[in-house]
Amino acid sequence: MHKLRSFSVAKLAKAFSRLSSKLKSTGGRPSAPLGSRILTNPDDIFKHNMWDHVQWTEEDKENARQKAEENSCIQIPIEEQGKFDTEACQYWDKFYEMHQDKFFKDRKWLFLEFPELLPSGAKSQATNWCLGDQPVSDPQPAESSTDTETRHRQHNGPTHHHRNPDTSNDQGRVCHGAAPEKHEAAVQTTTFPGQHASFRILEVGCGVGNSVFPIVSSIKQTDAFLYCCDFSTCAIQLVKDHPDYDDSVCHAFVHDICEEMASFPFPPQSLDVILAVFVLSSIHPERLQGIVNRLSTYLKHGGIFLFRDYGRYDLSQLRFKKGRCLSENFYTRGDGTCVYFFTKEEVHDLFSNAGLEEIQNLEDRRLKVNRGKKIAMHRVWMQSKYRKLYPPPPS
């Protein structure tokens, strides 16, 4: 029997037994999205690289809590923390100058988990485009033996300067019984890129375009338009230099979402979708509420905010060494970029306090397997969808 790092096959067997019973009662499939590769027999663990909907034991949770407590017991001195704000742009520009667009993979899973990204006319095309992909199996690049924390930088955002089914079938639902608002004429008071589109998407913290180009390829021949921003000038230049960049359906621009007075190239209440994938985790947690509040003002009523990011006690959090902690559950990597690890409750508060209603708020627990080394590791991500409410009808 193979030995697993961090937990035993015996404990896995108990967890899988409970999950098997649960799946039988729900027709063999989990009610939530996030993949359908379920490990029900622990002897099969090394047959695939990733397993979905993994159940943690109480012992797993306690071990993770203790590891996080241990690696955060020594925090970086306050007087040394400022550079992670003031030099954030340099950190990320250096990263993109070194790696160009070769570091991350395109997120072909986007349309399986976030069909709301696309207007109805593009949905079938996008689904066909990503058939065969394992849904959100791992948004990270492949593991290697060097600098693990650096490799988990999928969020494409810096620290303070970081710019950086339950749900998918009710996109057209109107809250409070209100009819879809007719506000296009009101917001189009000045000329702006994409003003003639009927469906507008913004990706914040777009990096070098790992979400941008899958979206662009799927919205051509539709009446949709994509905005994408990043605070790294190097990243945005790489996006614009990409052979698939098309300014007829996409506008890439440099923007720091932490800057309260920075303006967007489109008016308030003009967006149908905002996408934030592994971006908000790079921002100091004390700044997040103001950022989500400001971004939400650009959503149309009925528009949706799509979010995916790191979850509490993810493998990448537990691997931090002592002395890398900035504040509770907030760390800096060796290259100066930072990362925060969310809970479901924190995510819910963040978006609901911005006046958005919950459609989906999931904790995505997976088991990542290194079949060569016979190692199994817990991954934890958050995936959420929140909608901007329609105003109540006049009394």
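Two strands are taken to pair if DSSP finds at least two bridges between them, and the legends below apply this to a predicted model.

**View 1**
In general, the strands of a sheet pair through backbone hydrogen bonds, in either a parallel or an antiparallel manner.

**View 1. Strand S6 and its partners S5 and S11.**
Strand S5 (residues 271-277) and strand S6 (residues 299-310) run parallel and are joined by 6 bridges, with isoleucine 274 standing opposite phenylalanine 305 in S6. Strand S6 is also joined to S11, in this case by 7 bridges and with the two strands running antiparallel. In that pairing, aspartate 309 stands opposite methionine 382 in S11.

**View 2. The hairpin of S10 and S11.**
Strands S10 and S11 pair in the antiparallel sense over 14 bridges, and arginine 366 stands opposite arginine 379 in S11. The two strands form a hairpin with 4 residues between them, and lysine 374, which lies in the turn, has a positive phi of about 55°.

**View 3. The two covered faces of S11.**
In a regular strand the side chains alternate between the two faces of the sheet. In S11 both faces are covered, with buried residues that include Ile375, Met377 and Trp381 on one side and Ala376, Val380 and Met382 on the other. Because 14 of the 14 residues of S11 are buried, this strand is largely enclosed by the rest of the structure.

**View 4. The packing of H12 with H14.**
Helix H12 packs with helix H14 (residues 344-352) at an angle of about 45°, and their axes are 9 Å apart. The two helices, H12 and H14, are therefore oblique to each other. Leu288, Gln289 and Val292 of H12 make the contact with Asp349, Leu350 and Phe351 of H14, and the residues of this contact divide into 4 nonpolar, 1 polar and 1 charged.

**View 5. Two loop residues with positive phi.**
Glutamine 221, which lies in the loop between helix H10 (212-219) and S3, has a positive phi of about 70° although it is not a glycine. Phenylalanine 278, found in the loop between S5 and H12, likewise is not a glycine and has a positive phi of about 50°. Glutamine 221 counts as exposed because its relative accessibility is 82%, whereas phenylalanine 278, at 0% relative accessibility, counts as buried.

**View 6. The cysteines.**
The structure holds 0 disulfides. Cysteine 73 is in no disulfide, and the nearest cysteine sulfur, which belongs to cysteine 325, is 8.9 Å away. Cysteine 338 has a relative accessibility of 0% and therefore counts as buried.

Note on methods
Residues numbered from 1 in each chain as written. Predicted model: local features only at pLDDT ≥ 70, side-chain atom pairs only at ≥ 80, totals over all residues. Heavy atoms only, no water. Buried < 20%, exposed > 50% of the residue type's maximum accessible area, 1.4 Å probe, protein only. Disulfide = S-S within 2.5 Å. Axes fitted to C-alpha atoms, helices over the stretch in contact; angles between N-to-C directions. Parallel < 35°, antiparallel > 145°, perpendicular 65-115°, else oblique. Contact = heavy atoms within 4.5 Å. Nonpolar A, V, L, I, M, F, W, Y, C, P; charged D, E, K, R; others polar.
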